[in-house]
Amino acid sequence: MSEKPTYEELVQRIQALEEKLSELKDAGSKLQDRENRLREAQQLVHMGHWSWDVSSGKVEWSKEVFEIFRLDPKEFTPQIDSILQLSPWPEDHVRDKELIRKAIESHEVGSYEQKFLRPDGSIGHYFSSFMGVYDDNGNLTEIKGVVQDITERKKDEEERNKLQTQLSNALEIANLGPWEYDIAKDLFTFNDYFYKLFCTTSKEIGGYTMSSAEYSQRFLHPEDRDCVGEGIRRAIETPDPDFSNQLEHRIIYADGQVGYASVHHFAVKDESGKTVKTYGVTQDITARKNMERQLQLSQKMESVGRLAGGIAHDFNNMLSIILGNIEMLQEDITPDSPLLRRIHEVKKAAQRSADLTRQLLAFARKQTILPKILNPNSAIDGMLNMLKRLIGEDIDLLWNPNEQLWSVKMDPSQVDQILANLCINARDAIKGVGKVTIETDNICFDNNYCREHRGFSPGEFVLIGVSDNGGGMDKETIDRVFEPFFTTKKNGKGTGLGLATVYGIIKQNNGFINVYSEPGQGTTFKIYIPRHEGCQPQEPVIATENLQKGSETILLVEDEQAILQMTKTMLERLGYMVLPANTPEDAIRICNRYNKKIDLLITDVVMPSMNGRELAHTILKGSPNIKCLYMSGYTSNVIAHRGILDEGLNFINKPFSKQALSVKLRNILDEKSN
């Protein structure tokens, strides 16, 4: 029989129990604190935990899990795949179940991210991590996991991606390529946009060092390598902590083409002031440089155009007097006269002068034209025999048309001018025998194509191409080929206006032209004229070469007395009754006083006190049945915009022949009035 504990022993035991109870309370309090801190941490990171007892099938969610999915614990009883089923996207459901299965089978920690649908219809995102709990025999007894709300993080990622996309687009639009040079490693690092700028990839070019000179040899024009290297060395050596430097240089694209770049770079220094890195941005400014060159060319052409326009009126007036009087002298002199040959030579010289003026006006886009809807194939077909005579028997002329060619709207005479000038150039480029090919086709360019190919415009165009297998041109010649008075021909062999004329015609018709040539490889000119949709091509008017006479009454208005007298004589020899007027005021007085019918008003366009359009309007108010013919060596925008004649107006270019005037008059006078 055991002895009863003494009083002192009982007191000691009670004290020991009290101490143990106190320790348990402290431990419980610490555990509660840890649980509270864990719960607070889970709340801060939007995380909750869950468990699944395999044997009982019971699933428990922490309060935070219900909060994440915005579910009421009183109304929602969680099941083993409840979290997965909160996703309404079946393909995601299947994928995540497979991830869970593989993780459990391999005794590894599994995880996945998923979208879910909240009760209010909004979409959230969660991250789930889980692991299996196994007994000593390796049997799965429980699965524990955590769920974290990552909706805000996903929003931030989407915003960053959006900003990154915007930055990418901005860099691409601005043609910017960032780069960095690490001095210690002697290594250049380029951004993806830099590779894109040079139409290459990082795999193709790898890393470049300054010491190996690979960077400069790969990207920089040989003549600009020293200045770029000097700029980087200046950035490295400068003591200025705020140093920045900008320079422009030529670049070499992956396809070997030469472009232009602007480089802005900076120095990065350590605490001691030593430069450790330089970084910068390279911008492709090729398009800007091309535009600057085009602007300079346009300004040069505009200057010549103003000069041409300024002298054309007076010069053509003088040529009109010369040619008109020569024609009448030829009529008056007997065919056996020794003077006839000399007069013929004078006429040829005057006609060449008129042709030169016409070329200047065409180049300056001030030549008066009457656009018609036409099929270029028909216009070219009608020129082939003339072009064959023009280029000579030693050169084959090949014609390769697209039989389904679209229509264009332009003056038929301009097609003649384009082909004549291009074929003459091709002939002069061929030494001995050779070949010239003329082709047509339908072409459509979209915006993407035009962004990637310099010098093209979007839209539907009719292509007219002229190619030769002559000597070709180098790049410096191509850059100047459309400049007025630029020529590579010997003195006396060319005026330098042929291609300038072609350029002016193309621009006047809202088209563009590209040149492809290399020394020894021939040359191809490709002209693109905007497609005209709608009406069918208009049949060309065949002009007769016989003089067309008449007997109608004509009111003739010209401020140049010599031209007035010469034109009056020309009209009278054609049988017309002529009422001459040296000023618009005289014309108005004659019209008001003349009692008989006046059939036609012929008036100069540019006159001191009143232009021809204003005079016609004044006269037509009192005599609405009078028809009108405008004449000028250079028309202002009074009746023509950029040289394109207003619809329904009749016009004849100075200088004109007696035969051309006779045909023009009959076309107007015989046409029925509207």
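Mentor: Please keep in mind throughout that this is a predicted model. A search of the whole structure finds 16 salt bridges, and I will go through three of them with some care.

Let me begin with Glu-558 and Lys-654, whose side chains meet in a salt bridge with an N to O distance of 2.7 Å. Glu-558 belongs to the loop between strand S18 and H18, while Lys-654 belongs to the loop between strand S24 and helix H21, so that the pair links distant parts of the chain, 96 residues apart. Glu-558 has a relative accessibility of 0% and therefore counts as buried, and Lys-654, at 4%, is buried because the cut-off is under 20%.

Arg-573, in helix H18 (residues 561-573), pairs with Asp-332, in helix H10 (residues 286-332), and so ties together parts that are 241 residues apart in sequence. In this salt bridge the closest N and O atoms are 3.1 Å apart, and Arg-573 is partly exposed, with a relative accessible area of 31%.

The remaining pair is Arg-153 with Glu-113, where the closest N and O atoms lie 2.7 Å from each other. Here a helix is linked to a strand, since Arg-153 is in helix H5 (residues 151-173) and Glu-113 is in strand S3 (residues 110-117), 40 residues apart. Arg-153 is partly exposed at 36% relative accessible area, and Glu-113 likewise counts as partly exposed, at 32%. Glu-113 and Arg-153 also belong to one network with Lys-154, joined by salt bridges that share partners.

Methods. Residues are numbered from 1 along each chain as its sequence is written. This is a predicted model: local features need pLDDT of at least 70, side-chain atom pairs count only at pLDDT 80 or more; totals for chains, interfaces and linings use all residues. Side-chain values use heavy atoms; hydrogens and water are left out. A salt bridge is a side-chain nitrogen of Lys or Arg within 4 Å of a carboxyl oxygen of Asp or Glu. Helices (H or I, at least four residues) and strands (E, at least two) are DSSP runs, numbered from the N terminus. Buried means under 20% relative accessible area, exposed over 50%, partly exposed in between (1.4 Å probe, protein chains only).
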